[in-house]
Amino acid sequence: MIRIIDKESICDFKSMHPSMSLRDAVCEAERCLLCEDAPCSKGCPAGTDPGKFIRQIKFKNIKGAARTIRNNNILGSTCAHICPTDKLCEMNCSAMKLEAPINISALQKFAIEYGRQNNLEKLESSSGSGKKVAVIGAGPAGLSTAYELAKKGHSIEIFEKEKMAGGVPAWNIPEFRLPADEIAQDIGKLRDLGVIIHTNQHINTLEEVDKLKSEFDALVVATGLNKAFGLNVFQDAENVTDYMTWLKKIKFSNSEMKTSVANKRIAVVGGGSVAVDCCVSAKALGAAKVYMISLEEGDDLPADKEEIRLAQRMNVIFKSSSMIKSIDMKDGKVSLLRGMEIAWKEPENFNPSNATEVEGTDFSIPVDYVVQAIGTKPDYYNLFSELKLGPKSCFVAEGDEKMWASSGCTFAVGDVVNGGATVVRAVGEGKKLAEHIDKFLARGEI
Amino acid sequence: MKKADLSVNFCGVNFENPFCLSSSPVGNHAEMCSRAFDAGWGGIVYKTLNVDTSFKIVMPSPRLNAYHYNDKRFVGLQNAEQITDRTLDDNIMDIKELKRKYPSRVLISSIMGFSDSDWEILAKRSEDAGADMLELNFSCPQMARKDAGHRIGQDYNLVEHFTGVVKKHCSIPVMAKMTPNITDMIPVALAAKRGGADAIAAINTIRAITDIDIDQKVPMPTINHQSGITGFSGPAAKPIGLRFVSELYNSKDLALPISAIGGIETWVDALQYILLGGDTIQVTTAIMRYGYRIVEDMIEGLSDYMIDHGINSLSEIKGSAATKLIDPSNFDTRHQVVSVIDSEKCIGCGQCYISCQDGANQAIVFDTRLRKASVDETRCVGCTLCKHVCPVWDCISTRTVDTRNQSHAAIF
């Protein structure tokens, strides 16, 4: 199965992942070796269990496959669209030793769509436990924790500051990579279980937190990373923005952005998947030149290989192994970036302090907009002083698997603990935390 | 390029190669047959003729359904095709034309009568038109009449009788085509021999049901909400064809040449039939799927095999595998093997482990840390299930165990 990059869909901001036909799915499932130890299932942090759902597809139990995904992963459809499968489920696929690994994400998507078209029944929760849990933040970790707890019969209310649930996948992932409807369908499963999602509910005072603590048996903090990092050099420049604002605008004010970005020169600072999304989106909007300026280069770029191929296909200009040294300003806007190429003093250490400038490599890039995609950090840690704070303003993980933080009836999970990771990992950590909270609630400890 | 002599003498008729079209839609009329000869086929068994005044043929539709196995399409084909629906005059004219145009190629007229006089007319007119041989269709599974098709092929007396009628009215060699829809083909073939048949053709298609529409709850092909048990052919039918051909060859009483049919697509399939006793080879389903062109690969492949193995004539190897078939109760059980897994080639999927655990003797050890399978020789009974399920074709082999000096799990 060839994975095609569909340039046209990207420029139209429509899903770049074509749906698999029944024929393709049957052929792909047929290639699966149905391994005894299913390395694919071991490679899924959320426990989606691809080894099982591929077997179900192969044995013509496609509705069963859809059921497996639904039961195991609240964000099954989201993950099918955005998971870096080559680093997870497909990484140790035995079929790779014969030919290519099984295209697991496409099969996952196929099974989910089949379930929708064939009236897969809604999930039912077990009878009410009488326990109430509040979750702050409707991102992947919060949603996953809520889903698992709701399945066990607890009453769940989620408090989300934005007008829509979903977190990063809903706001910051371009439509061509993840159509909004997919995450909406995933979240719909929570409503089936009676989970209440309060949107536009910004919990940001100690009083509000205390109120939740008094009304609920447990409180889950899944507020994610909200503060974008920025380079000092860009302070006060009007035409510099962070990736969150940039991607959100493209997703929800697309035509407006088209007008302002078309035929312009954009520089994106960063080398991760998010930077690639910013670059590709800009190209899709009709930007004349898009530069991706990163410290890393080639295989060291943190972005996925597939994403880098996508950026190459979209004619993004890679300014790798490069560092911005100074800027020219004009009317309060950055007009020119000046930089140099760098080399690393020690290998495998991509910290700016480990870089040396390479003489004679000075470059300058005229720009109309600059987008910074160099990371984010948590914002609301001050509200939960009972949780132990670690480096980078994240809560310190505990438990055997180090997947969540806790103190009394307050628990934290997701990016706010792990410092920023994949959606599928947040789902997995949410599931683990839910198991722990379920036991905690059963013990009746407060 | 050196070419081997693929010619075959079959009932005194010379075939430049053993590859023939079997009687079916692939030999419907002169234009098709011309293209088949041009492609290189050694002989054609023309689509079965009948006396159109005694029985009018109307084909059902749809009349085909393929048997698919997961991603593997067309593993077999079910057909509800009838004998020719063209007039006898048209077909005779075509046969004449083909013999005029291809005098050195073999044209076999397949015939089916519904009475003594039908058989007589068809035999005479075929011979007069220049047919080199006759094939008596005693085996069409779609022909539901008591006195025609496979119903004759199940009735020894009718086979003998109609063969006798044909033999009385023609001088060209006659072969009788057998139905596999019978427990033992030998008595029927012997009846044909008693009637004077010069050769046996086998097998015709196997009565079967390939698929059922589970929504409509009706088998396929669905002909206006109904279906029928009809003839099945193609690669999935080959093992059954091989069995019948070997039995015909191994029958000392029969001792007639055989035109072998059943799921042949490649020169290897053809060679396997020859090694079990076939003289000529007949093909339809593979042509329906891939076209006449496949004969090029059959000719080239078989020729290379003969040269590589120093074979001058196919008659040298005919039946050489059939003679090695013995009664399963006489197998030498002192000879035992154990499986050997090539650790370098093992990709660690554990399919052999699963199969041995649940379908054999729990003799495979799967190291989940190293992701490698190995054989516990004290438990291996040498069934070779592991070898057959392994996705790496040359990873698992067998080693013979000297059971005089070494114990073996199968013997205790």
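The following legends describe close-up views of a predicted model. In this model, local features need pLDDT of at least 70 and side-chain atom pairs count only at pLDDT 80 or more, whereas totals for chains, interfaces and linings use all residues. Residues are numbered from 1 along each chain as its sequence is written, chains are lettered from A in the order in which they are written, and side-chain values use heavy atoms, without hydrogens and water.

**View 1. Crossing of helices α2 and α4 in chain A.** The axes (lines fitted to C-alpha atoms over the stretch in contact) of α2 (residues 22–31) and α4 (residues 50–58) of chain A come within 9 Å and cross at roughly 120°.

**View 2. Contact of α2(A) with α4(A).** Residues A:A25, A:A29 and A:E30 of α2(A) meet A:I54, A:I57 and A:K58 of α4(A), contact meaning heavy atoms within 4.5 Å. Four of the contact residues are nonpolar, none polar and two charged; Ala and Ile count as nonpolar, Glu and Lys as charged.

**View 3. Surroundings of B:S227.** B:S227 lies in the loop between β13 (218–220) and β14 (230–233) of chain B. With 33% relative accessibility, B:S227 counts as partly exposed, between buried (under 20%) and exposed (over 50%). Not counting residues up to four places away in sequence, B:S227 touches B:P219, B:M220 and B:P221.

Note on methods. Axes fitted to C-alpha atoms, helices over the stretch in contact; angles between N-to-C directions. Helix = DSSP H or I, 4+ residues; strand = E, 2+ residues; numbered from the N terminus. Buried < 20%, exposed > 50% of the residue type's maximum accessible area, 1.4 Å probe, protein only.
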